[in-house]
Amino acid sequence: MKSSAVTIKELSMLSGYSISTVSKALNNKLEISKATRETIKNIAKQHDYVPNNYAVSLRMQKTGSIAVIVPQVTERCFGHALGHLQKTAENFGYRILFYQSFHSDAKELDYIKSLSDGSIDGIIVVSSELKVRPQYADYAFPIESLNIDCNQSLEDIKQHSYNSLMNLLKE
């Protein structure tokens with residue numbers, strides 16, 4: 001089934017400009033005249049053009065995605081941590097992909113291995129147990145541990161979540 005999203009190639013055909021010119025116009029390159037940029041952007045808007053995130057992430061070598069692995073989202077403390085991580089990450093231009101390990105170390109490691117395909121910029125592993133960072137050392141992306149005690153106050157969980165995300169983003 002074909003997606004309804006228009007591609008740069010289709011915008012090129014619709015506008016009469018080369019694919020390169022369309023790409024440069026959409027990326028506000030000054031070598032393309034203002035009139036041409038506006039024409040191409042108007043056509044893109046009319047056809048609901050959305051940039052291909054995979055192509056952008058390949059070019060930028062950044063996906064804008066962070067994975068969060070939680071033991072179980074229905075446990076209030078983990079749900080709260082996840083919610084705060086998502087709100088904060090969005091403020092920094094990241095989206096959150098979340099996975100539930102259901103308290104299984106094997107499932108957690110399987111997720112980490114499967115996410116080493118370049119689809120994310122880092123992982124936050126939320127746990128009620130202290131995780132040892134060396135077990136995560138073999139991966140090309142940063143992995144941050146977030147230890148949550150379900151007896152902590154919601155404010156403490158919020159602060160620990162924020163700190164964990166900031167540590168991940170600066171790696």
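This passage describes the fold of a predicted model, from its overall make-up down to single residues.

Residues are numbered from 1 along each chain as its sequence is written, and in this predicted model local features need pLDDT of at least 70, side-chain atom pairs count only at pLDDT 80 or more, and totals for chains, interfaces and linings use all residues. Side-chain values rest on heavy atoms, with hydrogens and water left out.

The protein has seven helices and four strands, where helices (H or I, at least four residues) and strands (E, at least two) are DSSP runs numbered from the N terminus. Read from the N terminus on, the elements run α-α-α-α-β-α-β-α-β-β-α. Of the 171 residues in the protein, 36% are buried; here buried means under 20% relative accessible area, exposed means over 50%, and partly exposed lies in between (1.4 Å probe, protein chains only). Residues 24 or more positions apart account for 57% of the contacts with a separation of 6 or more, a contact being heavy atoms within 4.5 Å.

Four strands form an open sheet in the order 2-1-3-4, with parallel pairing; two strands are taken to pair if DSSP finds at least two bridges between them. Strand 2 and strand 4 are the edge strands, each pairing on one side only. On average, neighbouring strands of this sheet are turned by 20° against each other, direction ignored. Axes for such angles are lines fitted to C-alpha atoms, for helices over the stretch in contact, and angles run from 0 to 180 degrees between N-to-C directions.

Strand 1 pairs with strand 2 in the parallel sense over six bridges, and I69 stands opposite Y99 in strand 2. Strand 1 is also joined to strand 3 by four bridges, again running parallel, with A67 opposite I123 in strand 3. In a regular strand the side chains alternate between the two faces of the sheet. In strand 1, S65, A67 and I69 point one way and I66, V68 and V70 the other way, and all are buried. Because six of the six residues of strand 1 are buried, this strand is largely enclosed by the rest of the structure.

Helices cover the sheet in turn. Helix 7 (residues 154-170) packs on the sheet and touches strand 1, strand 3 and strand 4; its direction makes about 170° with that of strand 4. Helix 6 (residues 105-114) has E108, Y111 and I112 as its buried residues. Seen down the axis of helix 6, these buried residues fall within an arc of 100°, so they line one face of the helix; the arc is that of the directions from the helix axis to the C-beta atoms. An α-helix has 3.6 residues a turn, so residues three or four places apart point the same way. The buried residues of helix 6 pack against strand 1 (65-70), strand 2 (95-100), strand 3 (122-127) and strand 4 (143-147).

Not counting residues up to four places away in sequence, Y111 touches I69, Y99, Q100 and S101. The C-alpha atoms of Y111 and S101, 10 residues apart along the chain, are separated by 8.3 Å.

The loop between strand 2 and helix 6 holds F102 and also H103. Phi of F102 is near 50° and phi of H103 is near 65°, each a positive value in a residue other than glycine. F102 is partly exposed, with a relative accessible area of 45%, and H103 likewise counts as partly exposed at 45% relative accessibility.

In helix 5 (residues 76-91), attention falls on T88. T88 is buried, with a relative accessible area of 7%. Leaving aside neighbours within four places in sequence, T88 is in contact with Y162, L165 and M166.

The contact is made by I8, K9, L11, S12 and S15 of helix 1 and I19, V22, S23 and L26 of helix 2. By class, this contact has five nonpolar, three polar and one charged residues, where Ala, Val, Leu, Ile, Met, Phe, Trp, Tyr, Cys and Pro count as nonpolar, Asp, Glu, Lys and Arg as charged, and the others, Gly among them, as polar.
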